[in-house]
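Here is a short briefing on helix packing and charged pairs. Have the sequence and the 3D view open as you read.

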Amino acid sequence: DEVRDRGFTMILDMRGTKWETVKPILKALQECFPGNINMAFIIKPEKFWEKQRTSLGSSKYNFETNMISLDSLNRAIEPCQLTREFDGTLEYDHEQWIQLRLMLEEFIWKALDLLDKLDELGEILTNPELPDDLNGAQMVLEEHNQLKKRVTMAPVEQLAMEGHQILQRITGEYVGSSGRKYVISGNADFQSAVPQISQLLDNLQSTKQHLNQLWTVKKMRLEQCLQLRIFEEDVEKMFEWISHNRDLFLVNYTEIGTCHQMAVELESEHCQFATSAENVYVNITRILGMAQRMCDSGHYASNTIRMEGGKLEREWKSLAAALEDRSTVLRMSVVFHKKAEQYLAQVIVWQNTCENLKIPSGIEDLEEALQQHQNLIETISQTYAEANPVNKCPQKSDTLQTPVTSSSANSITAKADYSEAAGHVLDVVHE
């Protein structure tokens, strides 16, 4: 800024060229040079006297012009500010300057372009939206794994190497293949670029590191999302299975059979149904275990998972309780009908025995017949007691007549209408 305020000194080496080329150069300096020019030294062309035929027109320029010889130039400007071509000592290699300037421009362009692309990746990785179905979760997770390759393959290390090489050239630490050091390191343009290069290098490294962290965090969230969608799909399948089998169960759940054979068949069918339900419970147990593990691991949807898991467990327990109730009822029905039929089947035999009026004449025979008759009433009474649930177990009778009471917590069978089955049981009992 200090030099810019004081104004620049320009040296136009017109040796080996014609005089008429001076004016276009001065005009270009007047119109295009971005700084304030204080003085323009013009080293005299070889045919100096041609200027007599050419008017310089220096009054048209906003800077002073001075026609000077090479010897006089060294007296006007310190040799340390002049390059060797002007008999000075300033180290300057124009090819090196061009090469380094191109490297610097290319590095800055590539670094800024890469930072833009990394920012785009950052926006993708910080997108909070999550897929709402299983297929979407699987697809997004696969796409996210592909993003890891883009982050990993981002040429940050390659650019960092280029940046450090440029810094070495600027600081004079770099030695080329020819063994020649860069002699332009003190150039103010390049010195002023050092902080920008260092900042770009820091930004590239920190951005890539941050993206790796974002990728890891997003991967964990997407994996949790996939687990959640699998859980939701499994839970939905179980709900559908429970609903379907509850409907099948409710078709004939109040039937207890009108005879022993029918009761046995109903019990056998129900046993198969209950066994298949127990096999499904293995899946339900697995799903509930998965839900617990997800919650324990700090899943972002732990509350939802607990609610769905609790609902599934309640639905299953409701069906399982109804299955257990029906198992109890059918088991009692089989025993009841078996005993009842055994009792009724012998009624005619007992009745014929009682109606046999043949009385023995001998005392011993009479005593024996009396004992047999006494044994008969005991057999009848015992058989009747085993067959009649009212006498043997009042609770059993109640269960057969109203297997599920109105106060039962079993939501599936709480409103069951067992009136037909209860009437049949009472008819058998009365018979």
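**Salt bridges and a helix pair**

Glu-232 and Arg-229 form a salt bridge, with their closest N and O atoms 3.0 Å apart. A salt bridge here is a side-chain nitrogen of Lys or Arg within 4 Å of a carboxyl oxygen of Asp or Glu. The model is predicted: local features need pLDDT of at least 70, side-chain atom pairs count only at pLDDT 80 or more, and totals for chains, interfaces and linings use all residues. Residues are numbered from 1 along each chain as its sequence is written, and side-chain values use heavy atoms, leaving out hydrogens and water.

**The Glu-232 pair**
- Glu-232 and Arg-229 are 3 residues apart in helix α7, so about one helical turn separates them.
- Helices are DSSP runs (H or I, at least four residues), numbered from the N terminus.
- Arg-229 counts as buried, at 14% relative accessibility.
- Glu-232 is partly exposed, with a relative accessible area of 30%.
- Buried means under 20% relative accessible area, exposed over 50%, and partly exposed in between (1.4 Å probe, protein chains only).

**Other salt bridges**
- The structure holds 13 salt bridges.
- Side chains of opposite charge can pair when their charged atoms come close.
- Lys-117 and Asp-113 pair at 3.4 Å, N to O.
- Both Lys-117 and Asp-113 lie in helix α4 (residues 94-125), 4 residues apart, about one turn of the helix.
- Lys-117 is partly exposed at 44% relative accessibility, and Asp-113 is partly exposed at 27%.
- Arg-15 bridges to Asp-13, with the closest N and O atoms 2.8 Å apart.
- Arg-15 is partly exposed at 34%, and Asp-13 is partly exposed at 30%.
- Glu-106, Lys-110 and Glu-162 are linked in a network of salt bridges.

**Helix α6 against helix α7**
- Helix α6 (residues 156-171) packs on helix α7 (residues 188-251) at an angle of about 160°, with axes 10 Å apart.
- The axes are lines fitted to C-alpha atoms over the stretch in contact, and angles run from 0 to 180 degrees between N-to-C directions.
- That angle makes α6 roughly antiparallel to α7, a term for angles over 145 degrees.
- In the contact (heavy atoms within 4.5 Å), α6 residues including Val-156, Leu-159 and Ile-170 meet α7 residues including Phe-190, Leu-201 and Lys-208.
- By class, the contact of α6 with α7 has 11 nonpolar, 5 polar and 2 charged residues.
- Nonpolar covers Ala, Val, Leu, Ile, Met, Phe, Trp, Tyr, Cys and Pro; charged covers Asp, Glu, Lys and Arg; the others, Gly among them, are polar.

Note on methods: Helices (H or I, at least four residues) and strands (E, at least two) are DSSP runs, numbered from the N terminus. Angles under 35 degrees count as roughly parallel, over 145 as roughly antiparallel, 65 to 115 as roughly perpendicular and the rest as oblique.
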